[in-house]
Amino acid sequence: MLNLGKDIIDRVVQLVETLDHELQAEILKDTLNALVDDEIVTFGEKVRILSLDISRQIERGHSDIRALVQNEWSSSLDLLTLQWAISQELIEEHAAPDNADQRDLFFTLRGLVAKGLLISSEIKCLLAGGYPDGALARWRALYEVTLVAAFVRKHGPGWPSATGLTKALF
């Protein structure tokens, strides 16, 4: 319920009591509609201003965290960027082998490396932004990709297809 203030309500009642009943009802309806509309607009404006203030406070907090991370961990983040760039260069320089089995293995591993590079960039962004828990979650995904790549590399093209593996397991 809107809190319009006792003085406003008393003034409206006083004004309405001086008029006949039909006119009282019409004026009361119009007055209350105008008051409610004004209160809603005022409330909406207050909410908008409050949300902007909250957004600014949150952004200041994030800026402080990013500055702290940059001061404390900038050299480590720079090394992570360097490692990412070297990995990117290495994967781009290698050409596919001529052997068909080796080519399939190469493209499979290349796709896994690309996925790992993408996850690594997400980890760096999360760390630089001050979200270590998110970075840890993405690191687990990177670990999974690494395990799959190691498994594929070890067992190579001779490993049964997904259908063969499913039949062997079940």
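Start at the largest pocket: select G116, L117, S120, L142 and T146, which lie nearest its centre among 15 lining residues. A pocket here is an open set of points on a 1 Å grid over the protein atoms alone, where a 1.4 Å probe fits and protein lies on both sides within 12 Å along at least five of seven lines; lining residues have an atom within 4 Å of a point. This is a predicted model, where local features need pLDDT of at least 70 and side-chain atom pairs count only at pLDDT 80 or more, while totals for chains, interfaces and linings use all residues. Residues are numbered from 1 along each chain as its sequence is written, and side-chain values use heavy atoms, with hydrogens and water left out.

The space in this pocket comes to about 350 Å³, a volume being what is filled by probe spheres set on the grid points, which are joined across faces, edges and corners. Now colour α2 (21-93), α3 (100-128) and α4 (132-155), the elements that each give two or more residues to the lining. Helices are DSSP runs of H or I with at least four residues, strands are runs of E with at least two, and both are numbered from the N terminus. The largest share of the lining, six residues, belongs to α3.

What classes of residue line the largest pocket? The lining has 10 nonpolar, five polar and no charged residues. Nonpolar covers Ala, Val, Leu, Ile, Met, Phe, Trp, Tyr, Cys and Pro; charged covers Asp, Glu, Lys and Arg; the others, Gly among them, count as polar.

Next, click on S120, which sits in helix α3. Is S120 buried or exposed? S120 is buried, because its relative accessible area is 16% and buried means under 20%, with exposed over 50% and partly exposed in between (1.4 Å probe, protein chains only). Its side chain reaches the backbone oxygen of G116 at 2.8 Å. That is a polar contact: a pair of N or O atoms within 3.5 Å, where, within protein, one must be able to donate a hydrogen and the other to accept it, and residues adjacent in sequence count only if both atoms are side-chain atoms. Setting aside neighbours within four places in sequence, S120 is in contact (heavy atoms within 4.5 Å) with W84 and L142.

S121 counts as partly exposed because its relative accessible area is 26%. Its side chain reaches the backbone oxygen of L117 at 2.9 Å. Draw a line from its C-alpha atom to that of A135, 14 residues apart along the chain, and you get 10.0 Å.

Now select L142. Beyond its neighbours within four places in sequence, L142 is in contact with G116, I119, S120 and I123. L142 also belongs to the largest nonpolar core, whose 11 residues are L105, L109, L112, I119, I123, A135, A141, L142, V145, A149 and V152. Such a core is a set of buried Ala, Val, Leu, Ile, Met, Phe, Trp, Tyr and Cys residues joined through side-chain atoms within 4.5 Å. Two or more core residues come from each of α3 and α4, and α4 gives the largest share, six residues.

Stay on helix α4 and pick L136. At 44% relative accessibility, L136 is partly exposed. The C-alpha atoms of L136 and I123 are 7.6 Å apart.

Finally, zoom out. The chain has five helices and zero strands. Of its 170 residues, 14% are buried.
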